[in-house]
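Hi,

Here is the structure I promised to pass on to you. Have a look at it first, and then read my notes below.

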Amino acid sequence: MYESTNPHMWKGRIDSTDRPEMFRFHQAVQIKSVFEPVQDLGTNSVGIIGFKCDEGVKRNQGRAGSFEAPDALRKNLASLPMPAGASIYDFGNIVCENGRLEAAQEELGQAAARMLQQNIFPIILGGGHEVAYGHYLGYKYHADAGHKMGIVNIDAHFDMRPYDEQPSSGTMFRQILDEKQNASYFCAGIQRNGNTAFLFETAAEYGCEFILEEEINPDSIQQCLQKMTEFVNKNHFSMLTLCSDVLEASSAPGVSAPSPFGLHPKLVRTILRGLAAHPKIKSFDIAEVNPALDESERTVKLGAQLVYEVICARSSL
Ligand SMILES: N=CN[C@@H](CCC(=O)O)C(=O)O
Ligand SMILES: [Mn+2]
Ligand SMILES: [Mn+2]
């Protein structure tokens with residue numbers, strides 16, 4: 001089901017009503033319907049859309065609660081400074097009803113395709129990581145089928161489980177690679193402790209390139225970023241997806257499967273800053289933020305600031 005954003009979502013501190021250099025994020029956002037073409041499209045446009053769904057997490061035996069994340073992320077974006085140079089639209093939410101995950105992913109794909117067609121950079125606020133399959137459908141409906149597509153996932157997990165019983169938040173990248181011949185997959189932040197031997201074997205079988213979390217540190221981060229950039233360069237376009245459980249649990253406790261040895265937020269910020277401005281990265285999603293499991297809004301605040309980094313990177317193009 002589609003719902004447009006309640007304008008009350010975008011409330012926050014007001015320093016000035018007439019001096020744009022004093023504006024906050026909530027003063028910059030324009031609420032639109034995903035069904036209406038955008039008339040006043042600016043350059044460097046970004047379009048926020050929420051994916052209220054944790055059905056994939058439930059099916060994957062995880063802890064529910066990421067359904068509430070899109071609005072919690074909006075709330076924590078609201079008072080950040082207005083990013084210079086961007087046109088920011090909020091296209092509402094896709095809501096998963098009665099466990100109908102596949103229908104919600106389909107709706108998200110249609111909405112993302114509409115944004116891509118209008119040259120708007122989709123910023124998709126999950127939701128469980130099943131958001132990534134709906135995100136991909138946007139390209140299925142929009143992009144040239146002959147073009148090589150890259151998937152860059154920043155995640156503690158491969159999410160390449162078998163889906164013969166049902167798709168979930170642990171199956172998306174296998175689904176995509178089975179479905180699209182010329183797609184390839186890069187995953188950064190993989191936890192040895194978070195993936196079985198079977199999943200490492202599956203990743204190798206599908207030609208997935210990956211970097212372990214323990215290989216990413218302040219000394220190696222530029223080299224890691226270089227590897228990821230090379231992957232992006234060799235594809236026609238790429239989608240970027242961030243699974244919040246890649247972050248260290250002390251900074252991001254509000255996720256279904258926390259990572260005690262996860263990445264420091266500054267490393268993830270460096271990766272996002274490096275990749276989001278790449279001209280071949282065409283869209284972004286954030287997944288697995290779970291307000292119900294959060295402590296003092298630590299995870300939603302961090303998630304919102306990482307989204308903000310992506311928006312700032314797009315604005316400065
Ligand atoms: N999206 C998360 N996927 C992980 C969850 C792992 C866990 O719950 O421990 C996975 O399926 O591997
Ligand atoms: Mn994960
Ligand atoms: Mn994941």
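Which residues does UniProt place under the feature "binding site" (unreviewed entry)? That record gives His-129, Asp-155, Asp-159 and Cys-243. UniProt positions are in the numbering used here, feature names are shortened, and annotations may be inferred rather than shown by experiment. These four span 115 residues in sequence, yet no two of their C-alpha atoms are more than 10.2 Å apart, so they gather at one spot.

Two housekeeping points before we go on. This is a predicted model, where local features need pLDDT of at least 70 and side-chain atom pairs count only at pLDDT 80 or more, while totals for chains, interfaces and linings use all residues. Residues are numbered from 1 along each chain as its sequence is written, and chains are lettered from A and ligands numbered from 1 in the order in which they are written.

Now for the ligand. Around ligand 1 you will find Asn-60, Gly-62, His-129, His-157, Asp-159, Arg-161, Ser-169, Gly-170, Ser-256 and Ala-257; a residue is near a molecule if its C-beta atom, placed from the backbone, lies within 6 Å of it. By class, this shell has one nonpolar, seven polar and two charged residues. For the classes, Ala, Val, Leu, Ile, Met, Phe, Trp, Tyr, Cys and Pro count as nonpolar, Asp, Glu, Lys and Arg as charged, and the others, Gly among them, as polar.

Let's start with His-129, which sits in the loop between β5 (121-126) and α5 (131-142). Helices (H or I, at least four residues) and strands (E, at least two) are DSSP runs, numbered from the N terminus. Is His-129 buried or exposed? His-129 is buried, because 35 other C-beta atoms lie within 10 Å. The cut-offs are 20 or more other C-beta atoms within 10 Å of its own for buried, 12 or fewer for exposed, and partly exposed in between, with C-beta atoms placed from the backbone. Leaving out residues up to four places away in sequence, His-129 touches Gly-56, Asp-159, Ser-169, Met-172, Cys-243, Ala-287 and Glu-288; contact means C-beta atoms, placed from the backbone, within 7 Å.

Asp-159 is in the loop between β6 (149-154) and α6 (172-179). Asp-159 is buried too, with 28 other C-beta atoms within 10 Å. Its phi is near 55 degrees, a positive value in a residue other than glycine. Glu-288, one of the contacts of His-129, has a positive phi of about 75 degrees and is not a glycine either. Glu-288 is found in the loop between β10 (281-287) and α10 (298-315).

Most residues other than glycine have a negative phi, and most peptide bonds are trans.

Lastly, Asp-155 lies in the loop between β6 and α6. Asp-155 is buried, since 28 other C-beta atoms lie within 10 Å. Beyond its sequence neighbours up to four places away, Asp-155 touches Cys-187, Gly-189, Cys-243 and Val-246.

Cheers

Note on methods:
Contact = placed C-beta atoms within 7 Å.
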